[in-house]
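Please examine the sequence and the structure before reading on.

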Amino acid sequence: YFTTWNNLWAGGFPVIASPGSDKYYPLSAPFFLIFQDLFIVNFVILLHILIAYCAFFKLGSLVTRNHNALMIFSLLFAFSGIIFGRFETGHHLLLYGIAWIPLLYYFFLKIAVFNGTTILNGVLLSIVSVLMYFTGNIYHFIFAWLIILIFCLYYIVTKQLKGKILYYLL
């Protein structure tokens, strides 16, 4: 499990060192080590669909208090093409990272827009960011943070972002 070598990139490196590997991700790697069965992937995928639903429900709660609308739009996200389009091609690692994106944006918006500048929100933003990085989905991690950077620059230019909030985001 830990000693595989990828000799196809840059002369070779261990797969454990690859940023496109989920070897350090706590919601998949332990299951693979404990059960050592390919069918556990189905459980991990279902777990991440549930995470995607709950994360989008939480993000939507910043916009509306209508639980029926939150449930409908969260289901639409959890069963959308961006998530289910990854299964046919075998890119389940992309699903792992995509499931965390709404929660990343939730904590960013909570800090930047809704004045929730608490240590807890900063720590949770960091934890979600680290989990997203450890999924091996480096592309969506970088793009999500680029979008957050663009929003930060916009809020700085329009003077809607205060120095105290920048302290928590950096």
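## Terms and basis

A crossing of two helices is left-handed if the near helix is turned anticlockwise from the far one by less than a right angle, and right-handed if clockwise. Helices (H or I, at least four residues) and strands (E, at least two) are DSSP runs, numbered from the N terminus.

The model is predicted: local features need pLDDT of at least 70, side-chain atom pairs count only at pLDDT 80 or more, and totals for chains, interfaces and linings use all residues. Residues are numbered from 1 along each chain as its sequence is written, and side-chain values use heavy atoms, with hydrogens and water left out.

## Helices H6 and H8

H6 passes H8 in a right-handed crossing. The axes of helix H6 (residues 101-112) and H8 are 11 Å apart, at an angle of about 25°. Axes are lines fitted to C-alpha atoms, for helices over the stretch in contact, and angles run from 0 to 180 degrees between N-to-C directions. H6 and H8 are therefore roughly parallel to each other; angles under 35 degrees count as roughly parallel, over 145 as roughly antiparallel, 65 to 115 as roughly perpendicular and the rest as oblique.

The contact (heavy atoms within 4.5 Å) involves Ile101, Leu104, Tyr105 and Phe108 of H6, and residues of H8 including Phe143, Trp145 and Cys152. By class, the contact of H6 with H8 has 11 nonpolar, 1 polar and no charged residues. Ala, Val, Leu, Ile, Met, Phe, Trp, Tyr, Cys and Pro count as nonpolar, Asp, Glu, Lys and Arg as charged, and the others, Gly among them, as polar.

## Helices H2 and H3

The axes of helix H2 (residues 40-60) and helix H3 (residues 67-78) come within 8 Å and cross at roughly 140°, which makes H2 oblique to H3. H2 passes H3 in a right-handed crossing. Among the residues in contact are Phe56 and Phe57 of H2 and Leu70 and Phe73 of H3.

## Individual residues

Asparagine 137 lies in the loop between helix H7 (119-134) and helix H8 (138-157). Asparagine 137 is buried, at 0% relative accessible area; buried means under 20%, exposed over 50%, and partly exposed in between (1.4 Å probe, protein chains only). Leaving aside neighbours within four places in sequence, asparagine 137 contacts Leu93, Leu94, Gly97, Ile98 and Met132.

Alanine 29, in helix H1 (residues 29-35), is buried, with a relative accessible area of 3%.

## Cysteines

Cysteine 152 is buried at 11% relative accessibility, whereas cysteine 54 is partly exposed at 43%. The structure holds 0 disulfides, a disulfide being a pair of cysteine sulfur atoms within 2.5 Å.
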